[in-house]
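Please read the following note beside the sequence and the model.

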Amino acid sequence: MPDYSAQGHIQRFLRDNPHGHLYVLVGYASVWGLAWLQENTPGRPVTLIIGDTKPHRFESATNPDRAKALQFLRRRDVRTLSWYRTGRSAEGKSMLHAKAWVIAEPRKGSARTALIGSANLTRVGLKDNWEMMALVADGDLSRIWRQLDGFMQGRTVNRKPWEAESRLIQAIEGGRRVQELTKAMPTRRQRSPVARKRSGCLTLAAAIGVLVASTATTILLLL
C-alpha cells in the first residue's frame, strides 16, 4: 500500500532525485527528525534551515535517535542554519516558518526541483499528521531559488543566519544527561524499607498533629 504520509512523499522525492544538494527548510524540527535525515540522506550534502531552535525541543528522545541525530549534525557535508530570535532580541523577533525540500545546484545558482508542503521535520509532521505536499512547477523554480538564497545570505530577513550545529548538539547531549539522571533517581517503590517506614511514621505523626489541632480548636469554640 502506498505511503501517503509526508514521509512517503519526501522519500519518493529523494528517490526520484538522487543527485544534487538538498536544502531543507522547516519551522520546527526534533531529534527524531534529525535522525530521519541521517537515515534518508546518506552521502548527500544537506543544508538544513530550522525556524525554532529552542533547546527544549531537542531534549526528549530515545538514545538510538540521539546517536543518529548527532551523527547527522557532525557530518562534514551537513550545514544547519537558523536566525531564530525572540522578541527580547535587540533586532526584534525573527523565525522562519517555511516548509520546503529543494534540490539545487548552488554553483549554477539554480533549483532543479522542489517539494513544498505543511510538514515539519518531526515524527508528528512526517508520520502522524495528514499533511499537504506538492511539487513546485518548473516556472516557479527560479523564484524558489531566489527566496532560498536570500534566506541563506540574510537578504530576505535583513539579517545573517547563524550556524546552529553546536546549539543543537549541546541540547541533545544535555537532554540525554537529564534523562539518565532521572532514570537513576529511586522511585517510591524502589526506596528501602527503612525509608518507607520513616515516611509512614512521618505521615502518621502529621495526621495525629492535625487531629490534635482540630480537637483543640473545637474545644475553644465550645468554650
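1. Just after helix H5, Gly154 adopts a positive phi of about 85 degrees. Helices here are DSSP runs of H or I with at least four residues, strands are runs of E with at least two, and both are numbered from the N terminus. The model is a predicted one, in which local features need pLDDT of at least 70 and side-chain atom pairs count only at pLDDT 80 or more, while totals for chains, interfaces and linings use all residues. Residues are numbered from 1 along each chain as its sequence is written, and side-chain values use heavy atoms, with hydrogens and water left out.

2. Helix H5 itself covers residues 141-153, 13 residues in total, and spans 18 Å from its first C-alpha to its last, close to the 18 Å expected at 1.5 Å a residue. The expected span is 1.5 Å times one less than the number of residues in the helix.

3. The buried residues of H5 are Leu141, Ile144, Trp145, Leu148, Asp149, Gly150, Phe151 and Met152. A residue is called buried under 20% relative accessible area, exposed over 50%, and partly exposed in between, with a 1.4 Å probe and protein chains only. The cover over these residues of H5 includes strands S1 (21-26), S2 (46-50), S3 (78-82), S4 (100-105) and S5 (110-117).

4. The strands form an open sheet of seven, in the order S6-S5-S4-S1-S2-S3-S7, with mixed pairing. Its edge strands are S6 (133-135) and S7 (162-163), each of which pairs on one side only. Two strands pair if DSSP finds at least two bridges between them.

5. Strand S1 pairs with S4 in the antiparallel sense over five bridges, and Tyr23 has Val102 of S4 as its bridge partner. With S2, strand S1 pairs in the parallel sense, also over five bridges; here Val26 stands opposite Ile50 of S2.

6. Why is S1 largely enclosed by the rest of the structure? Six of its six residues are buried, so the strand is largely enclosed. In a regular strand the side chains alternate between the two faces of the sheet. In S1, His21, Tyr23 and Leu25 point one way and Leu22, Val24 and Val26 the other.

7. Strand S2 is mostly covered, with five of its five residues buried. Val46, Leu48 and Ile50 point to one side of S2, whereas Thr47 and Ile49 point the other way.

8. Helix H2 (residues 31-40) packs against helix H3 (residues 63-73) at an angle of about 65 degrees, with the axes 7 Å apart. Axes are lines fitted to C-alpha atoms, for helices over the stretch in contact, and angles run from 0 to 180 degrees between N-to-C directions. Contact means heavy atoms within 4.5 Å. Among the residues that meet are Trp32 and Leu34 in H2 and Phe72 and Leu73 in H3. The residues of this contact divide into eight nonpolar, two polar and four charged. Nonpolar covers Ala, Val, Leu, Ile, Met, Phe, Trp, Tyr, Cys and Pro; charged covers Asp, Glu, Lys and Arg; the others, Gly among them, are polar.

9. For the protein as a whole, there are seven helices and seven strands, and buried residues make up 41% of the 223 residues.
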